[in-house]
Amino acid sequence: MILNFLQTRKPKIIPSLQQRQHKPFMVNENMDAGFDDNLDNLKDYGRNNKASLGQLFFEFFRYYGYEFDYEKSVVSVKQGRVLSRKEKGWGPTSK
């Protein structure tokens with residue numbers, strides 16, 4: 001949740017390594033498990049975000065405590081965004 005939170009700030013603080021250009025690493029014919037591992041390209045990635053650690057800490061708990069819709073949404077670190085449960089292929093939550 002922390003990684004996705006940092007991926008969805010404006011401006012972003014960390015990228016989705018799988019969404020960046022990378023060499024494919026196929027674990028089977030349908031699944032690329034590769035990611036951008038070029039650390040030089042990632043240096044200073046989040047420098048444009050000026051939020052303090054305290055602001056981020058507060059916003060994290062506010063977002064996941066009050067704003068995030070757990071019944072309709074899931075976090076995706078791989079895609080670096082929030083997905084709908086339907087988009088992810090997950091059914092509704094059971095009650």
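This is a predicted model: local features need pLDDT of at least 70, side-chain atom pairs count only at pLDDT 80 or more; totals for chains, interfaces and linings use all residues.

**Exercise 1. How far apart are the mean positions of the positive and negative charges of the chain?**

Step 1: count Lys and Arg as positive and Asp and Glu as negative, leaving out His and the chain ends. That gives 16 positive and 11 negative charges.

Step 2: place each charge at NZ of Lys, CZ of Arg, CG of Asp or CD of Glu.

Residues are numbered from 1 along each chain as its sequence is written, and side-chain values use heavy atoms, without hydrogens and water.

**Exercise 2. How many salt bridges does the whole structure hold, and which residue pairs with Glu67?**

Step 1: look for a side-chain nitrogen of Lys or Arg within 4 Å of a carboxyl oxygen of Asp or Glu. The search turns up 2 salt bridges.

Step 2: Glu67 pairs with Arg62, with 3.1 Å between the closest N and O atoms. Glu87 pairs with Arg81, and here the closest N and O atoms are 2.5 Å apart.

Step 3: why can such pairs form? Side chains of opposite charge can pair when their charged atoms come close.

**Exercise 3. Is Glu87 buried or exposed, or in between?**

Step 1: buried means under 20% relative accessible area, exposed over 50%, and partly exposed in between (1.4 Å probe, protein chains only).

Step 2: Glu87 comes out at 46%, so Glu87 is partly exposed. Its partner Arg81 is partly exposed too, at 34%.
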